[in-house]
Structure formats: structure tokens, C-alpha cells
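Have the viewer open and follow along.

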Amino acid sequence: MRFNWNFDYVKGSKIAYIFSIILTITGIISILALGLNYAVDFRAGSNVDITVSKAITAEQIKPIVKDIGVDEGDVTITPGADRVNVRFSNELDETQESKFKQEFTKLDASASYEVNTVDPEMAKELERNAIYAVLIASIGIMIYVAIRFEWRFAVAAVVSLFHDAFVVISVFSIFRLEVDLTFITAVLTIVGFSINDTIVIFDRIRENLRFAKKSSKADLREVVNHSLSQTMTRSLNTTFTVFVASLCLFIFGGESIRMFSLAMVIGTLFGAYSSIFIAAPLWLTLKGKQVNKPKTVAKESN
């Protein structure tokens, strides 16, 4: 049995716009006030990953941190069943690193260590490159859509993409979730997934425009609603598949890909949402102005 997806999606987009604006403003305030919780990839410091053979608590590690001359406030300890992560805001010198390992070995003699250190210049360079990557990807997508369709489709698509990326960034800022290199990979993946969904909808709109009446904005509105109803099953099936895979990675995956998986879970949902309630209605708004122009000219000539 096939579900009937014939709804007034354009009407629902008004509520979606209000929701997205509120979410965007909240995100801007959070980023300006709190910033992002950067991992060691994007800020100077040392990150120590320890594989342990037994459970080690944060309380057991704190005396070691104090003993090597580091302030507890500059350290984040994340204990786990078989892995412990200790992140230092400042770089550890060789003496501190050696002493930390020596003291931790008393807690677990079979522990193995992986120490990553990022200097300030490298951290700034990684941050710049991450921003460039997202911007270049967005510009490339905008050029592609403008060539394949028209500039109104391109503008609507890029606004939708920036919305998806910013929502994910905002959620990570609000809840103080860690932003590392895998997070940037997730954002770029979300951009790719979202544009794919948007292109399918735009392609159907363009196809339906060939045989539809286009004398008024109401006609265009009908085309958009009809196109969305035709592609809804495909959009939801694709979204559900990626969402379930991302959710399974988040629940059962390792600590190293947890933030990537969470970003994908959030981005997948908002990618489908923006394609339906932001990209297509925004194109309608832009295209509707063009349709109404001849009527205005005619009135003036009379």
C-alpha cells in the first residue's frame, strides 16, 4: 500500500522558517558567547589516549595530573571501559609526559599510550583549512547547480546547505560537544548528502515545469507541492537508511568516531528537512517574483 503524500508543503514551510530562524539565532548567540569546544586537533595542547586492561576512574588520574605540575582545571579526563582519554590544554614537555606514563603504569602495568600534540600555529592552520573546505565545497555546489538548473535553484540550494551545516555546528556549541577533524568530515558529508536530496527535488520541479501552467505564483506553488509529494517516498527512504546507519555507528562505534556519528545523525535529519521545507519553498519565493513582473508592467502601461 502506497502512502498519499499530497500535502501543502509550502504552507508548512512558514512554520519551518520560524523554527529555523529561532534555531539560527540561538546558534549565533551560543557561538559568540561560548564558542566551540575544540578538540586538540584545533587548539594547542596534548591529547593522551590510553588503552587500559581494567576500568580506571577520573579520581584515580587526578593525583597524577597534579603530581606532574598541571592544573586540574586545564585537563579534561574521559574514562572508559577499555580506553581513557586525558586532554591537556597546554603542551606536555618530555619530562611531564614521561612522568605521567610512569605514574599511570602504577594503576595499570599493561597500559599503552598514544600522545598527540598540536602547537598553536598548526591548530590555527587546521581551523582555517576546515573553514575553507566548507566554503569551497559550497561555492562548487552553487556553480554546479547554477549551470545545471538556474541561479534561483543555486541560491536556494546553498542557503539550505549553510542551514544544515550551521544547525549541526550550533548543536555542538550549545551542548559543548567536542569538535575535531572527524566533525569537519561529517559536516562535508552532510553537505553532500543534503545537496543530493535537494537536486532530486529540483530535478522533479524542473521536469514538472515543462508541462505545467506557469502564469501565476499559485501555479508554481502547485508544481512545488506536487513535485515534493512525488519525491517524498524516495527522500524519506534515503534519509531513514543513512539515519539508522549513523545511529548504529553512534551507539556501537568506537570513541574515535562518536562525534562524527552524532553529527551525521543530526545532519541527516536536518538535511531532509531543509530540502523539503527550505530549499524548494525558497526557490518558489524567488521564482514567484519573476512570474509577477509582467503583470506589474502591464498595469503601469494601462
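How many bridges join strand 2 to strand 4, and which way do the two run? Keep in mind that this is a predicted model.

## The sheet

Six bridges join strand 2 (residues 45-51) to strand 4 (residues 83-88), and the two run antiparallel. One of the pairs to look for is Asp49, whose bridge partner in strand 4 is Asn85.

Zoom out a bit and you'll see an open sheet of four strands in the order 3-4-2-5, with antiparallel pairing. Strand 3 (75-78) and strand 5 (112-118) sit at the edges with a single partner strand each, so one side of each has no neighbour in the sheet. From one strand to the next, the twist averages 10°.

## Helices on the sheet

Helix 2 (residues 58-67) packs on the sheet, where it touches strand 3 and strand 4, and its direction makes about 150° with that of strand 3. Helix 3 (residues 94-105) lies across strand 2, strand 4 and strand 5, at about 155° to strand 5.

## The largest pocket

The largest pocket holds about 780 Å³ of space. It is lined by 30 residues, and closest to its centre are Asp49, Asn85, Glu178, Glu255 and Ser256. Strand 4 gives the largest share of the lining, four residues. By type, the lining splits into eight nonpolar, 11 polar and 11 charged residues.

## The second largest pocket

Here there's about 360 Å³ of space. Of its 16 lining residues, Ala130, Ile131, Val134, Ile169 and Ile184 are the closest to the centre. Helix 4 (120-148), helix 5 (151-174) and helix 6 each give two or more residues to this lining. The lining counts 15 nonpolar residues, no polar ones and one charged.

Definitions and conventions: Residues numbered from 1 in each chain as written. Predicted model: local features only at pLDDT ≥ 70, side-chain atom pairs only at ≥ 80, totals over all residues. Heavy atoms only, no water. Pairing = 2+ DSSP bridges. Axes fitted to C-alpha atoms, helices over the stretch in contact; angles between N-to-C directions. Contact = heavy atoms within 4.5 Å. 1 Å grid on protein atoms, 1.4 Å probe; cavity = no way out; pocket = protein on both sides within 12 Å on 5 of 7 lines; lining within 4 Å. Points joined across faces, edges and corners; volume = space filled by probe spheres on them. Nonpolar A, V, L, I, M, F, W, Y, C, P; charged D, E, K, R; others polar.
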